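Here's a quick briefing to read alongside the model. Have the viewer open and click along as you go.

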Amino acid sequence: MSNATITTCKLLLFGRCVRAVLLSVGVQFLLLTVFLLLVNFQLLHPLDWIMGSLRLVCSFYTWFACIPLLGAVVFYGMTLSHQHLAERRYCPTRYRWLLQNGPRKLLFLFAHLVVGYLTAWLYTGYLHTDYRHFVHKCYGQDCLNSYHIFLLGMGLSAGCYYFATEYMHEEASIDFDFAEQSRPEKLRELLYGTLLKAPISSVMPTLCYTFIFWLFGAFLKYRLSVLVNVDTDDRLLGILDVISNGRLLFYGWLLSAQIVSNMHLMRCFYATLLSEKLPMVVARNRVSLGSEQEVTVVAGLGVLNVYVVQCLAANFLYEEAQRKNSAVRTEIFQLTEPGNRPANWRALCDQCVSIVGNFTEELSDSMRQISLMKGNEQNFASIHSDSSAALLAEKLLLRQYNHMHGIRPVVSLPRDVSNQEWDTKAMDSIRHVPNWCERTSMKLEKLLQQLLRRIPGIVYFFSEPEGAKTEFLLENALPIIWLTQALAHICVASINEDSYGVVQDDLPGIIKALHRLKCELDRLSNGMPNFRTTSNSFNHLRYAVRRSLYNICTSFYKYLGELSSSGEELRQLQAFVYQG
């Protein structure tokens, strides 16, 4: 795909990422307002309670103190944008995964820690005096404030907790809604849902951090006192001191809820804005200016190094293909000038069939690496080799018998060719017996492999997990799910809408590609049943392919004999239609 198309798509997505950052900056003041309303709650003076909280939010101190946090939010948004726009490559071993994703994950973890720490630092400035300062007066001298250290640690632990649960092993993903909603409706629903779920989801990290602080809090305070050259106070020395301080636990739980909800909102802002439709067209307009940002569907599907763009292109084609009276589908069936050729359909069909075919090839290659499939193939190979060896031995005995009794073959072969063929087969059938040097070398190699496997971490980091490539392909099969269904809808709609018959010539290739993918998925389902229960993406892909192939076969059932490339494929398709 051309660099201009990739640049255009990245610019469009970058603009959405900027809007997501601006929304994340604006939501900081909303969360701060909610925090101040909860902290300064006054039942007897509701007007003073609300006006005092709003006055604090609008003060110059708040705007000035928010500058570090807003800078951290922008940095967090930049790293999150890189997570979404980065190329998804398969790493066969964990060592390769660490080399490729390790620096990016560490930078993202650092962004979580900075946002969590600065949020706790900003919010503690609005609490009671006992919780506000890092150093306070005790017994006439400066001492570390254990309460303040507890709350700052809560901010760090909340950021680390959210990173570990959402981004440690998973890539940043976007969700596509089945029901179309406007952006204000999505954002309002997202805000209400997050503010309601965050208090409950932050209970567990608060309790875990409280337990960890009880174990290592004394050591941490001692090291900090040595670092800043002040004494430590005598608060929060035991577990009873921690759990008996209800206000401290309430503040810690509230901070954890604010930080978790803040990061969840930023993540959902990106997912919501990036899942919106790109301005795509079927064919580029000739009279359009070069500065116009037009991306064709074929070009979007060809952007393989940006997963989001390929998903958006496939989703656009799927929605337009199933839409009633779709103008995009009409444009696909039209003939183009010059020459009155179906250029739109030809380019789209070739791209879709190529993507589905490449996916099927990769899936088939990855399935050969699974031990269960290997075992079946090895058993089949051993049986086949045993039967061929027995047949060769029988032919050799028959040849010797004929030679002893002077019986000549009916069809005489050239002497050199027949002797060479029989000698080659006989030599291949003889089992090679290794000498003592080869046996010793094989034993040493096997022993060395066993010793290496016993070293802790060698197998974990440097060996490819069984079925890892297959799982990677299935987890990133969302464009294939939409493409197969889009092709089926277009083929079915061509019966009534394709007046030029541009789809008919490509129906055999489409049916063959879908049938081959269906056979590979059925083979995977029968060979590894755990995929049916543990992988939702596998179930979605398998059902989408079966549904697409079924719709095409039922619509063109009378012509399956002409559309099938072989008799075996025709029988399988007919049996598939009968089974439903």
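Which side chain makes a polar contact with the side chain of Asn 476? That would be Arg 88, at 3.0 Å. Keep in mind that this is a predicted model. Overall, the protein has 25 helices and 5 strands, and 43% of its 580 residues are buried.

- You'll find Asn 476 in the loop between α19 (468-475) and α20 (478-497).
- Buried or exposed, this Asn 476? Asn 476 counts as buried, because its relative accessibility is 18% and the cut-off for buried is under 20%.
- Once neighbours within four places in sequence are set aside, Asn 476 is in contact with Arg 88 and Tyr 307. Arg 88 is also the partner in the 3.0 Å polar contact between side chains.

**How α4 packs against α6**

- Helix α4 covers residues 94-124 and helix α6 covers residues 146-166; their axes come within 8 Å and cross at roughly 145 degrees.
- The crossing of these two helices, α4 and α6, is right-handed.
- On the α4 side, the contact includes Phe 108, Leu 109, Leu 113, Tyr 117 and Trp 121, along with Lys 105 and His 112. On the α6 side, the residues include Leu 151, Leu 152, Leu 156, Cys 160 and Phe 163.
- Glycines take part too, among them Gly 116 of α4, and Gly 155 and Gly 159 of α6.
- Sorted by class, the contact of α4 with α6 comes to 12 nonpolar, 6 polar and 1 charged residues.

**How α3 packs against α4**

- Helix α3 (residues 60-85) also packs with α4, at an angle of about 155 degrees and with the axes 9 Å apart.
- Why call the pair roughly antiparallel? The angle is about 155 degrees, and anything over 145 counts as roughly antiparallel, so α3 and α4 qualify.
- α3 passes α4 in a left-handed crossing.
- The contact of α3 with α4 is made up of 18 nonpolar, 5 polar and 2 charged residues.

**Two Asn residues with positive phi**

- Some background first: most residues other than glycine have a negative phi.
- Asn 229 has a positive phi of about 65 degrees, and it is not a glycine. Asn 229 is in the loop between α8 (203-228) and β3 (231-232).
- With a relative accessible area of 69%, Asn 229 is exposed.
- Asn 325 also has a positive phi, near 55 degrees. The loop here is the one between α12 (307-322) and α13 (327-333).
- Asn 325 is exposed as well, at 67% relative accessible area.

**Ser 555 in α23**

- Ser 555 belongs to helix α23 (residues 536-555) and is partly exposed, at 30% relative accessible area.
- A polar atom of the Ser 555 side chain lies 2.8 Å from the backbone oxygen of Asn 551.
- Which residues does Ser 555 touch, leaving aside neighbours within four places in sequence? The contacts are with Val 492 and Ile 495.
- Ile 495 is 60 residues away along the chain, yet the C-alpha atoms of Ile 495 and Ser 555 are separated by 8.4 Å.

Technical notes: Residues numbered from 1 in each chain as written. Predicted model: local features only at pLDDT ≥ 70, side-chain atom pairs only at ≥ 80, totals over all residues. Heavy atoms only, no water. Helix = DSSP H or I, 4+ residues; strand = E, 2+ residues; numbered from the N terminus. Buried < 20%, exposed > 50% of the residue type's maximum accessible area, 1.4 Å probe, protein only. Polar contact = N/O pair within 3.5 Å; in protein donor to acceptor, adjacent residues only side chain to side chain. Contact = heavy atoms within 4.5 Å. Axes fitted to C-alpha atoms, helices over the stretch in contact; angles between N-to-C directions. Left-handed = near helix turned anticlockwise from the far one by under 90°. Nonpolar A, V, L, I, M, F, W, Y, C, P; charged D, E, K, R; others polar. Parallel < 35°, antiparallel > 145°, perpendicular 65-115°, else oblique.
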